[in-house]
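Dear colleague,

Please find below the structure that I am handing over to you. My notes on what was found in it follow directly after.

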Amino acid sequence: MGGRLEACFDRLRTEGRAGLFPFITAGDPDLDFTRELLPLMTEAGADGFEVGVPFSDPLADGPTIQRSSMRSLAEGTRLSGVLEMVGDVRADIPDTPLVLMTYYNPIIAMGLAEFVRGASQVGADAVIVPDLPPEEADALLGIMNDYPLDPVFMLAPTSTQERIELVNDAGGGFIYYVGQMGVTGARDALDSDLGATLARINRVKNRPVLVGFGIKTPEQAAEVAGHADGVIVGSALIDVMEAQASRESKMRAACDYIASLREGLDRSKTVS
Amino acid sequence: MSELVSRGRFGRFGGRYVPETLMPALEELEVAYEEARSDPAYHEELADYLREFVGRPTPLYLAERLSDDLGVLRVYLKREDLCHTGAHKINNTLAQVLLARRLGKTRIIAETGAGQHGVATATAAALFGLDCDIYMGEEDIGRQSLNVFRMRLLGARVIPVTSGSKTLKDATNETLRDWTASVRTTHYIIGSVVGPHPFPEMIRDFQSVIGREAREQILEAEGRLPDACVACVGGGSNSIGLFHPFVEDEDIELIGVEAGGRGLDTEEHGASLSAGRVGVLHGCETFLLYDDDGQIIPAHSVSAGLDYPGVGPEHSFLKDSGRARYVTVEDHDALKAFQKLSVLEGIIPAFESAHAISYLDRLAEETREAGGMKTVVLCLSGRGDKDVHQAEGFLSEMLDDEEVR
């Protein structure tokens, strides 16, 4: 299961590097842009991607990803279109893990079975549903079991020991650690408890841990990577692109930013 | 025909679909509520505030001129409009503030649509000196400026929400976002029987005081139970509060009235049960308004309190099981009923409650055709003072045209 993710984490471990997993909203500003951008960011140093499906009511997301989702929806992005795009881009980056991130209602609207079949057919490796904790995931997990698609669950600064174990047992692929309280969005300072909570998770985990929410600078990325297997950077990346006007300059700015994070991370080592 | 609550579900509906950050807080709230529920001291304290501060029990008033007008219905109004702050919302906010105090939370947040829940929350927070922030859609702030001022007067901060459709659903998103950041010190008082478990069940219990009182009062007045209970349904808290104590009496018709807006053949309504499908929003699985791609469709109603694209999961269960039925009333009919109750009974109802009043015309017609008589308990969930300004625009023409009775 999840061959590409496993291979990716194996390679990172062997090389002693931390993983860099950018998040982008598919279809912002349109799906052609996303299709073109992912291979470019791979060259710039990304190890894998979270491909966000836009949703009208993204309640775990801060203003940056809300705006990004609205732009994508205004462009007419649909879940089926995102899957198609993932299939297309797969040809260009055959070994790069692609993780779909979507709220639950678009999956329900498509039909759970059709979504899982479609996602694995186009070569997605895992699925993250931020509003679907393991307790509510039986129906989706039951279907995903039959496909090479990993369910990724999240942990947060508030997670109890019991929940850490629950998520570790229920999930596949990796654990997504929400590095700060609140919604997604770049922050100037990291949560001061980050190291302590990650230490609690590292004691029980039997899969890699990626940290997302709030990471902006290469220095922050490096600091986080000292406690985890890699980082997820979303809002800060979208902020960087938002500041540019043309498609070319957005792509260039995104790749420069990814390269700077890569450099910051390569100055540190993973814990595992 | 009981509620079948297991793991926070009513049949297949409900659940707890929230980001991980909130899961521990919901588990904590569930435990705290279970403790409070079995603690006589909590019930005594709550009952005391409901009596002395809210003014409960509210009357069950026989609306004689309305009944005469309808001919075949004997209509009793459960006067929640006489609660302190002018609507049933305070039953819930007081109970939750007492709970928040048990949890040691020092700050209260809430979403509001019409502003009634915001006012009721600000009131309860003021009573206990808690910090209070209310999220309200910019669109609703425009429609309900007096309630905005009331909340401020009560010491709350009103935070305008400019995302999405700028109404109740977006205010709910924003309050949930706040809560994921502040959950260690803050309690979120959801205003209706929606959201993740345990909110729908807990708020149902708090609002059931409406139905419990009504049951005693109708037995006192009529010596029998009613034939039907009628209430408006947005999120569905006043209706579930009225229905719940009657659910096991299967002969009693339970009728929820949703916002038909500009008509179910348009996309501009708030009728999740009558015209929606099952999905997940704001932490629970329930009937919702969404498009073929799962994107939520903004609701529409002349009444801000019914302007919500979802509904409490227990209503979804009552609909699915056939125990309750759900009907719709369009904007213009609700406005007519708003005027009718004012003229006939000297009671200006909230736009929300006017939807329920309007449905009585159809219920009377049905009853007449069947050749019977019905005794009806209708929840008059709030008073219409907040809507008078808006009504002036819609109705002055109508009043000029028509001969005033």
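In chain B, the charged end of Lys319(B) is placed over the ring of Phe287(B), 5.5 Å from the ring centre. Please bear in mind that this is a predicted model.

Aromatic pairs

A pair of aromatic rings is described by the distance of the centres and the angle of the planes. Over all chains, the count comes to 13 aromatic pairs. One of them is formed by Tyr176(A) and Phe213(A); it is edge-to-face, with 6.0 Å from centre to centre and 90° between the planes. This pair links distant parts of the chain, 37 residues apart: Tyr176(A) belongs to strand S7 (residues 175-178) of chain A, and Phe213(A) to the loop between strand S8 (209-212) and helix H10 (218-225). Tyr176(A) is buried, at 3% relative accessibility, and Phe213(A) is buried with a relative accessible area of 9%.

In chain B, the ring centres of Tyr49(B) and Phe128(B) are 5.2 Å apart and the planes stand at 70°, so this pair is edge-to-face. Because Tyr49(B) lies in helix H2 (residues 40-54) and Phe128(B) in helix H5 (residues 116-128) of chain B, the pair ties together parts that are 79 residues apart in sequence. Tyr49(B) counts as partly exposed at 22% relative accessibility, whereas Phe128(B) counts as buried at 14%.

Phe9(A), Phe21(A) and Phe174(A) make up one aromatic cluster.

Backbone features

Most residues other than glycine have a negative phi, and most peptide bonds are trans. Phe213(A), described above as part of a pair, is not a glycine, yet has a positive phi of about 80°. Lys166(B) likewise has a positive phi, of about 60°, without being a glycine. Lys166(B) is located in the loop between strand S8 (157-161) and helix H8 (168-182) of chain B, and is partly exposed at 30% relative accessibility.

A cis peptide bond, with omega about 0°, joins Asp28(A) and Pro29(A); Pro29(A) is in the loop between strand S1 (19-25) and helix H2 (31-44) of chain A. In chain B, the peptide bond from His197(B) to Pro198(B) is cis, with omega near 15°.

A buried serine

Ser235(A) is part of helix H11 (residues 235-242) of chain A and counts as buried at 5% relative accessibility. Leaving aside residues up to four places away in sequence, Ser235(A) touches Thr64(A), Ile65(A), Thr184(A), Gly185(A) and Ala186(A).

Yours sincerely

Technical notes
Residues numbered from 1 in each chain as written. Chains lettered and ligands numbered in written order. Predicted model: local features only at pLDDT ≥ 70, side-chain atom pairs only at ≥ 80, totals over all residues. Heavy atoms only, no water. Phe/Tyr/Trp six-rings, centres within 6.5 Å; stacked < 30°, edge-to-face > 60°. Helix = DSSP H or I, 4+ residues; strand = E, 2+ residues; numbered from the N terminus. Buried < 20%, exposed > 50% of the residue type's maximum accessible area, 1.4 Å probe, protein only. Lys NZ or Arg CZ within 6 Å of the ring centre and 35° of its normal. Contact = heavy atoms within 4.5 Å.
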